[in-house]
Amino acid sequence: MSGWRGLPIGAAVLRPGSTADNVTGTWRVVRPIIDQERCIRCGICWAYCPDGSILELKRGYTTRGGKSYEVTYEVDYDHCKGCGICANECPVKAIEVVPEAK
Amino acid sequence: MLAELQRGARERVVSRRAGLTTNYAVAHAVKAVDVDVVAVYPITPQTTIVEKIAEFIHGGELRAELIHVESEHSALSAAVGAAAAGARTFTATSSQGLEYMHEVLHIASGLRLPIVMAVPTRALSAPISIHNDYSDIMNARDTGWAILIASTAQEAYDTVIQAYRIAEHPDVQLPVMMAYDGYLMSHTLEPVELYHEEHVRGFVPRRDRRNVLDVRSPITLGAFATPDNYYEFKYQQEVALRNVEGVLREVEADFAARFGASYGPVEAYRLEDADYALVTYGGAATGNARMAVDMARERGIRAGLLRVRLYRPFPSAPIVAALAGVKAFAVIDRAIAYGSPAPGPLYKDVATALYMEGLTVPGISVVHGIGQRAMYVEDFYGVIRMLAEGAGTGKVLFLGLRE
Amino acid sequence: MEIEARFHGRGGQGAVTAVQLLASAAIAEGRYAQAFPEFGPERRGAPVRAYLRISDRYIFRRDPVREPLAVAVLDPSLILVEDVLAGLRGGGIVVVNTRSGEVAARVKDSRPDVDVYAVDAEAIAMEVLGRPVVNTAVLGAFVRATGMVAPGSVRRAIEEVFPAQLAERNWKAVAMAMEAVKRA
């Protein structure tokens, strides 16, 4: 770690987005899992996540019932802290929260 | 030779000699350095500074954003935002206003923002007083701001100009407070030599600062620091503040060359051969003590005066050097450090500075002019007499108090 | 050489502006001056004292004037509520705004060792300014009685402080009072 001379003055953070370096996923004791079959791509989990840890991927998905979507929502497990808000807000109960440790 | 050079410099730079209150002199300095943003909330006796600045902006003499805020807490917060975005920023307050700013004082210095603030000092409530003493500034002395205390309107004008050079210096990058007596200076009209503004702007050119908010190259200010780093940031601040004394000397050397005036971190008057010294700050205490020194000299007492101009960082070396040779000294404080080992805040600093050099010069702690209780030249002469009659270490005096 | 003076007025009458104009006039003459108020509560009507020092050197002392060479009284009723002559030096000068010769005579009786001048500043202020702001009229009488500064310097100071039209009217009040002032 840098000594006092090497730190930017005023405690400025000079690299935008450097917060992503902190792997807060280690704080998680429960894990949300999105069921891609039930997910209706409403984006509510993405909007509610307090940590920006729901990823909106430009990747298509077709359900077993034949419904096609252009996007897929996935959890960024490096940063998700396991708060469960996504599961609570999901209108179709497509997110399940399971313990990390068995 | 130097004096002649300085006179020559002055003739070139002075645009006019005007009768101004110190508050108006400060407003003229703010205009001369071409500030970008002014955020101030009115409070007596500061208000006439911002009234004058508003007039300058309205009349098109100063192109600056005057931000109307709803409190002093907001005034300094707005100044913090403006300075963080790289603007040359000014604010001013007194008394309760400075108290209300208190938490933001630490934020401004912690973020290393070169804000300049004028503080015509005023007593604190309760009971309510609009009159002068230095209780307000003394509560802000450990906030990481550089603090300069002026003793004349001319010096206040010059110091605001110097303050921007000091605050924006890469070895400093800290906010600077410029204090002076409320009423006794803020509302006293006296001669001030104003400079041609192009000379002032040449003296304080805009320079690129480190770590400024800029959408083209984003950074984060005001982030969290864990125990791993917090201490290092605070130590950086302490080092930067201690750099101020050297930077002040450097800035003043250039100021003297261009404007023919300099003051130094401390100012001595008739101290070279003095047996007894008065130590003061501000206008009324210093001016009256100076007259008292002359009175004492006429009566055969070798008295001298040391005025502390740079209060934070504390210029220990010149103060210790000035007092090392006297038989006794008295520090005249304009505030009470309630319940402290000595009642005078500056006295405590002077005593500590001497002790750290292993010196034990007899000194007394004098409190005077609380809530603008009248201070007369004779009062200061009385203190010199007391020193000459042998009053020494440990003596405490609440001057002008009714028994 | 240092000259000290004291102005007594009531909040709103402009005693502070009067001493500031005198100081500015002296500064315009290349001299040094100091003008400052001793405020009580900042309220219209409350008694106000304002001090003036003029010197040929920078004035370091910043204490209230206790032994003035000259005193100006902007409101004759102040004579009833405070000792406006306190500390006035022998041979000194008093300038009183009064329409009654009796008031001036009474002041002269109480201090035969000083010169007393009277001017009906209120009448001048009402005529020229339309408001009982007597400071510039008393200032005119004071300048004539004491000769502390030159009338031309006062005019310059007034023109610096007031907007053009108001400056003209205030200068007229000064000039009229310089004519009207009478020694008691």
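**Figure 1. Burial and overall dimensions of chain B in the predicted model.** In this predicted model, 54% of the 403 residues of chain B are buried. The chain contains 15 helices and 15 strands, and its C-alpha trace extends over about 70 × 55 × 40 Å along the principal axes. Because a compact globule with 403 residues would have a radius of gyration near 22 Å, the 21 Å found for chain B agrees with that expectation. Of the contacts in chain B with a separation of 6 or more, 80% are accounted for by residues 24 or more positions apart.

**Figure 2. The two domains of chain B and the contact between them.** Chain B is divided into domain 1, covering residues 2-259, and domain 2, covering residues 266-398, and the C-alpha centres of these two domains of chain B lie 27 Å apart. Domain 1 of chain B contributes 26 residues to the contact, and domain 2 of chain B contributes 22 residues. On the side of domain 1 of chain B that touches domain 2 of chain B, at least two residues each are supplied by helix 7 (135-138), strand 6 (146-149), strand 7 (176-181), helix 10 (230-242) and helix 11 (244-259) of chain B. The largest share of that side, four residues, comes from strand 6 of chain B. Sorted by class, the side of domain 1 of chain B that touches domain 2 of chain B has 15 nonpolar, six polar and five charged residues.

**Figure 3. An open, mixed sheet of six strands in chain B.** The strands of this sheet in chain B follow the order 9-11-10-13-14-15, and their pairing is mixed. Strand 9 (266-269) and strand 15 (396-398) of chain B stand at the edges with a single partner strand each, so one side of each has no neighbour in the sheet. On average, and with direction ignored, neighbouring strands of the sheet are turned by 20 degrees against each other. Strand 13 (residues 328-333) and strand 14 (residues 363-367) of chain B run parallel and are joined by five bridges; in one part of this pairing, B:Ile332 has B:Val366 of strand 14 of chain B as its bridge partner.

**Figure 4. Two helices that lie across strands of chain B.** Helix 12 (residues 283-298) of chain B lies across strand 9, strand 10 (276-280), strand 11 (303-308) and strand 13 of chain B, and it runs at about 165 degrees to strand 11 of chain B. Helix 15 (residues 377-388) of chain B lies across strand 10, strand 11, strand 13 and strand 14 of chain B, and it runs at about 140 degrees to strand 10 of chain B.

Figure 5. A cis peptide bond with omega of about -5 degrees joins B:Ser125 and B:Ala126, and B:Ala126 is placed in the loop between strand 5 (116-121) and helix 7 of chain B. The peptide bond from B:Arg312 to B:Pro313 is also cis, with omega near 0 degrees, and B:Pro313 is found in the loop between strand 12 (310-312) and helix 13 (316-323) of chain B. In the loop between strand 9 and strand 10 of chain B lies B:Arg270, which has a positive phi of about 55 degrees although it is not a glycine. B:Arg270 counts as partly exposed because 16 other C-beta atoms lie within 10 Å.

Figure 6. Chain A has two helices and six strands, which run β-α-β-β-β-β-α-β from the N terminus on. The radius of gyration of chain A is 17 Å, whereas a compact globule of 102 residues would have one near 13 Å, and the C-alpha trace of chain A spans about 60 × 35 × 20 Å along its principal axes. Buried residues make up 17% of the 102 residues in chain A. A:Arg41 is placed in the loop between strand 1 (30-34) and helix 1 (44-48) of chain A; this residue is not a glycine, yet it has a positive phi of about 60 degrees. The contact between the chains takes twelve residues from chain A and 17 residues from chain B, and the chain B side has eight nonpolar, five polar and four charged residues.

**Figure 7. The surroundings of C:Leu88.** C:Leu88 is found in the loop between helix 2 (78-81) and strand 5 (93-97) of chain C, and it counts as buried because it has 21 C-beta neighbours inside 10 Å. Leaving aside residues up to four places away in sequence, C:Leu88 touches C:Pro68, C:Val71, C:Val94, C:Arg111 and C:Val114.

Notes:
Residues are numbered from 1 along each chain as its sequence is written. Chains are lettered from A and ligands numbered from 1 in the order in which they are written. This is a predicted model: local features need pLDDT of at least 70, side-chain atom pairs count only at pLDDT 80 or more; totals for chains, interfaces and linings use all residues. The radius of gyration is taken over C-alpha atoms; the globule rule is 2.2 Å times the number of residues to the power 0.38. A residue is buried if 20 or more other C-beta atoms lie within 10 Å of its own, exposed if 12 or fewer, and partly exposed in between; C-beta atoms are placed from the backbone. Two residues are in contact if their C-beta atoms, placed from the backbone, lie within 7 Å. Ala, Val, Leu, Ile, Met, Phe, Trp, Tyr, Cys and Pro count as nonpolar, Asp, Glu, Lys and Arg as charged, and the others, Gly among them, as polar. Domain bounds come from an automatic or database domain assignment. Two strands pair if DSSP finds at least two bridges between them. Axes are lines fitted to C-alpha atoms, for helices over the stretch in contact, and angles run from 0 to 180 degrees between N-to-C directions.
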